[in-house]
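I opened this notebook to keep track of what I looked up. The entries follow the order in which I went through the model.

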Amino acid sequence: MPDFLMPSLGADMEAGRLVEWRVRPGDRVERGQVVAEVETDKGIIEVESWQAGTVSELLVQPGTSVPVGTPLARFDGGAETIAPPAPPPVASPASPPVAPPAPPPVASPASPPVASPAPPRASPSARRRATELGVDLAAVAGTGPDGAITLADVERGAARPVADPSAAMRRVVAAAMSRSKREIPHYYLSTQVDVGAALAWLDARNAALPIEQRLLQVVLHVRAVALACVKVPELNGHWVEGEFRRAESVHVGLAITLRGGGLVAPALRDAASKPLDVLAKETNDLILRARTGALRSSELTEPTLTLTSLGDAGVETVFPIIHPPQVAIVGIGGVRSRPWVVGASIEPRSVLTVTLAADHRASSGHSGSAFLAEVARRLAEPPQP
Amino acid sequence: MTRDEARRLLVATIARVAPGVDAVALPDSADLRRDLDLDSFDVLRLMTELSRAIGRDIPDRDVARLTSLGATVDYVAEAAGSAPPPG
């Protein structure tokens, strides 16, 4: 069975730092199981194994930074290596190769594989805080149960001010957005939508539910965009090697701002086919994990288009930037009371502005308009099947 | 629950929900959404944790009108005081 390699978790990623192993030699691993935590510019990502097998050796110690494509662990069955499915590569000659390169043969002078020592026992929040503060857990005295390191222990251990941890992420976002604007011929379409009926439905529903089951407006936005992708699939997919590749599924990337100025847009999978309450639960969970640094590698590479819902920020119109290699992004602004023509009179209505930015190599104003019209139609009504 | 206890609980909950936001020194008039930069997800999470802490649900209409730090402290102090005893 092939070696497990440091995956590429985004078009810009060149290296990652192994934070912690979640498996030991001898463990049986299922496909999709989280096997390690890797730190990238986007924060700590839980990396899943893309195949099943039994771990025979861990090749890289926690705390080590290695280039994308480096073998991290050996599984039973030998050292043959096949690259895991890479994310769709960005169509740009200047970007580094996304597919991991073939590793050196086993007999090469690699460092002798050692079973990694058990990492210091620490609560998940302690671990994340330690990474945020740049504190080495091995140097922290744990006062928790059985000497485990607690959040307070880490805060005490941070003796000196450390470099801004989110500066790296801002650089990555800046690079990606710059390249997007340079290389993708964006066109923009926008429309205003009277969402009063949908909001009334939402308020009535939330009033009758305990707080844990209430819906945020953004869930309705996700659903509207997902269903529009089903109707107009020309906006759902990737621009790869000079052509548009339509995606088979609809995975809506939700743009989530992080404290400290970072931005991630992980995927809400199969957003078009999930019942609303399931979608709501997954959206809340995704936002929480994005902000606590617990996203999974598949969530970063799977979006088929992105939604940026900035109503909370108080903006009226969003002019979003496409996340390559996607070909479209939807921006939704805040709801405002606006004069609206109803029949022969003018009434105040709850109105928001939805904007589509799309790649003109992959779609034209015609399909873009059809897509936006469907988003608008869905936003205006309470959710229909 | 006294107002001071309620304020400490609220500040601690805000710190957990929005790491880096230190509400200790902020005045009662501080707006949760504008001044503490909490978005709708943060507010939902904050209210969910507060409802657990006080032992009862916070209705949606209350969530909407709790815009300031002070109003939320008052609400928590009163709600926690009137919750039925555990057991």
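How many cavities of 30 Å³ or more does a search of the whole structure find? I found four.

**Conventions**

I am reading a predicted model, in which local features need pLDDT of at least 70, side-chain atom pairs count only at pLDDT 80 or more, and totals for chains, interfaces and linings use all residues. Residues are numbered from 1 along each chain as its sequence is written, chains are lettered from A and ligands numbered from 1 in the order in which they are written, and side-chain values use heavy atoms, with hydrogens and water left out.

**Entry 1: the largest cavity**

I noted first what a cavity is: on a 1 Å grid over the protein atoms alone, a set of points where a 1.4 Å probe fits but cannot get out. A pocket is an open set with protein on both sides within 12 Å along at least five of seven lines, and lining residues have an atom within 4 Å of a point. Grid points are joined across faces, edges and corners, and a volume is the space filled by probe spheres set on the points.

The largest cavity holds about 150 Å³ of space. I looked up its lining and got 16 residues, with A198(A), L220(A), R378(A), L379(A) and E381(A) nearest the centre. Helices here are DSSP runs of H or I with at least four residues, strands are runs of E with at least two, and both are numbered from the N terminus. Three elements of chain A, α4 (196-207), α5 (217-231) and α8 (365-380), each supply at least two residues of this lining. α5(A) gives the most, with six residues.

I then sorted the lining by class, with Ala, Val, Leu, Ile, Met, Phe, Trp, Tyr, Cys and Pro as nonpolar, Asp, Glu, Lys and Arg as charged, and the others, Gly among them, as polar. The lining of the largest cavity has 10 nonpolar, three polar and three charged residues.

**Entry 2: the second largest pocket**

About 1,400 Å³ of space lies in this pocket. Its lining has 48 residues, and those nearest the centre come out as G311(A), D312(A), D39(B), S40(B) and F41(B). Among the elements that each supply at least two lining residues I list α4 and α5 of chain A, and α2 (40-54) and α3 (60-65) of chain B. The largest share, five residues, comes from α2(B). By class I read 26 nonpolar, 12 polar and 10 charged residues.

**Entry 3: helix α1 of chain B**

α1(B) runs over residues 3-17, and its 15 residues reach 21 Å from the first C-alpha to the last. That is close to the expected 21 Å, taken as 1.5 Å times one less than the number of residues.

Which residues of α1(B) are buried? I found A6(B), R7(B), L10(B), V11(B), T13(B), I14(B) and V17(B), where buried means under 20% relative accessible area, exposed over 50% and partly exposed in between (1.4 Å probe, protein chains only). They cover an arc of only 165 degrees around the axis, which puts them on the same side of α1(B); the arc is that of the directions from the helix axis to the C-beta atoms. D4(B) and R8(B) are exposed on the other side of α1(B).

**Entry 4: two open sheets in chain A**

I counted two strands as paired if DSSP finds at least two bridges between them. One open sheet has five strands in the order β7-β2-β4-β5-β16 (chain A), with mixed pairing. β7 (65-67) and β16 (295-296) stand at its edges, each with a single partner strand, so one side of each has no neighbour in the sheet. β2(A), residues 15-21, is joined to β7(A) by three bridges in antiparallel fashion, and A15(A) stands opposite P67(A).

Another open sheet has four strands, β1-β8-β6-β3 (chain A), with antiparallel pairing.

**Entry 5: strand β18 of chain A**

β18(A), residues 328-332, has five of its five residues buried. A328(A), V330(A) and I332(A) lie on one side, and I329(A) and G331(A) on the other. β17(A) runs parallel to β18(A) over four bridges, with T308(A) opposite G331(A). β20(A), residues 345-359, is joined to β18(A) by five bridges and runs antiparallel; A358(A) in β20(A) is the bridge partner of A328(A).
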